[in-house]
Amino acid sequence: MTSSFVLTSRQPHPEAAEWEARLALLGRFHLEIRSRRVAIGPSVQRLLALLALHSEGVTRPSVASTLWPDLPVRRAGASLRSTLWRLSRSSGEDRLVDADDSCLALAPTVGVDLHLAERHAASLVSSQEPGPVPLPVLAELDEDLLPDWTEDWLLVAREHFRQTRLHALEAVSRRLRDGGRLAAAMETAMMAVEAEPLRESAHRHVVDVHLAEGNVAEALRHYEFFRRMLRNELGLGPSSGFRRLVAPYLSRPLDP
């Protein structure tokens, strides 16, 4: 979910010209080599994804034990060698993995959308400019890391990126609101709400934008929607800070 209110022309990443391959880990996995979509098997996909999460490289035994935890050491090592062979068959003359006798790493000519999104998110959080955000950047922040995969080794990285993108969306919404770009601020706040419906800070940004627009009824309606959802899901109420935000507009006392 993105908005034309925050659209600017897309500027190519300075590293993009050096990339021979592009690896997408946000949303669905896919691999492009020289702008050509390449179909690869599940084991090769998992190998590339694991290496993408460890840009410093991973030892061969660690890769084998992570990807094939239920196999004996010898068989796991054989599975890794077979997977590397299938990768070389799929990539042809293009080198996607740097390999030596002890360690594996993605080749520097492989661009990873997760890495770009993390850099963009860090830049958005640290920036104080209320200007427009490129639409492709918002698209990156609207996707989770391989959400359909169930591998245990993905869980921490997936949660880390989810928190990163939520903080970035909230920071963008706050700056857009402060800069008077209220429609765009609402759009990014709602992206954060959709990513995590029980996240109070995201709902507070939505209410803040409604109040900045002078839409008090909308602000109270959204607050009540969140209050009911939180009670039904967790048996809790909004924080005292959120209640104080809407208290001046209520015709009844603060909730106990």
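Contact in this tour means heavy atoms within 4.5 Å, and buried means under 20% relative accessible area, with exposed over 50% and partly exposed in between (1.4 Å probe, protein chains only). The model on screen is predicted, so local features need pLDDT of at least 70 and side-chain atom pairs count only at pLDDT 80 or more, while totals for chains, interfaces and linings use all residues. Residues are numbered from 1 along each chain as its sequence is written, and side-chain values use heavy atoms, with hydrogens and water left out.

**The whole chain**

Begin with the protein chain in cartoon view, where there are 10 helices and seven strands; helices (H or I, at least four residues) and strands (E, at least two) are DSSP runs, numbered from the N terminus. Of its 256 residues, 45% count as buried. Among the contacts in the chain with a separation of 6 or more, 63% are accounted for by residues 24 or more positions apart.

**The four-stranded sheet**

Select β1, β2, β3 and β7 next: they make up an open sheet in the order β3-β2-β1-β7, with mixed pairing, where two strands pair if DSSP finds at least two bridges between them. At the edges are β3 (36-38) and β7 (110-112), each of which pairs on one side only. From one strand to the next the twist averages 25 degrees, an angle of the kind that is taken between N-to-C directions and runs from 0 to 180 degrees, with axes being lines fitted to C-alpha atoms, for helices over the stretch in contact.

Strand β1 (residues 21-24) is parallel to β7, the two being paired over three bridges, and A21 has V110 as its bridge partner in β7. With β2, by contrast, β1 pairs in the antiparallel sense over four bridges, and there A24 is partnered by H30. These two strands form a hairpin with five residues between them, and G27 in the turn has a positive phi of about 80 degrees.

Now colour strand β2 (residues 30-33) by accessibility: L31 and I33 make up a covered face, whereas H30 and E32 make up an uncovered one. On to β3, which pairs with β2 in the antiparallel sense over three bridges, with V38 as the bridge partner of L31. The hairpin of β2 and β3 has two residues between the strands, and R34 in its turn has a positive phi of about 50 degrees.

**The three-stranded sheet**

Which order do the strands of the three-stranded open sheet have? The order is β4-β6-β5, with antiparallel pairing. Because β4 (58-59) and β5 (97-99) each have a single partner strand, they stand at the edges and one side of each is left without a neighbour in the sheet. Between β4 and strand β6 (residues 103-106) there are two bridges in the antiparallel sense, and T59 is partnered by C103.

**Two crossing helices**

Select helix α2 (residues 60-67) together with helix α3 (residues 73-91), which pack at an angle of about 100 degrees with their axes 9 Å apart. That angle makes α2 roughly perpendicular to α3, a label for 65 to 115 degrees, where under 35 would be roughly parallel, over 145 roughly antiparallel and the rest oblique. Show side chains for R60, V63 and A64 in α2, which meet A76, G77, L80 and L84 in α3.

**Helix α7 and its surroundings**

Helix α7 has 14 residues and reaches 20 Å from its first C-alpha to its last, close to the 20 Å expected at 1.5 Å a residue, the expected span being 1.5 Å times one less than the number of residues. Since 11 of its 14 residues are buried, α7 is largely enclosed by the rest of the structure. The buried residues of α7, including L182, M186 and V193, pack against α5 (135-140), α6 and α8.

**Salt bridges**

The whole structure holds 13 salt bridges, each defined as a side-chain nitrogen of Lys or Arg within 4 Å of a carboxyl oxygen of Asp or Glu. E170 and R199 meet in one of these at 2.7 Å, N to O. This pair links distant parts of the chain, E170 in helix α6 and R199 in the loop between α7 (182-195) and α8 (200-213), 29 residues apart, and both residues are buried.

Within helix α6 (residues 155-178), E159 and R162 lie three residues apart, about one turn of the helix, and their closest N and O atoms are 3.0 Å apart in a salt bridge. E159 counts as partly exposed at 36% relative accessibility, whereas R162 counts as buried at 15%.
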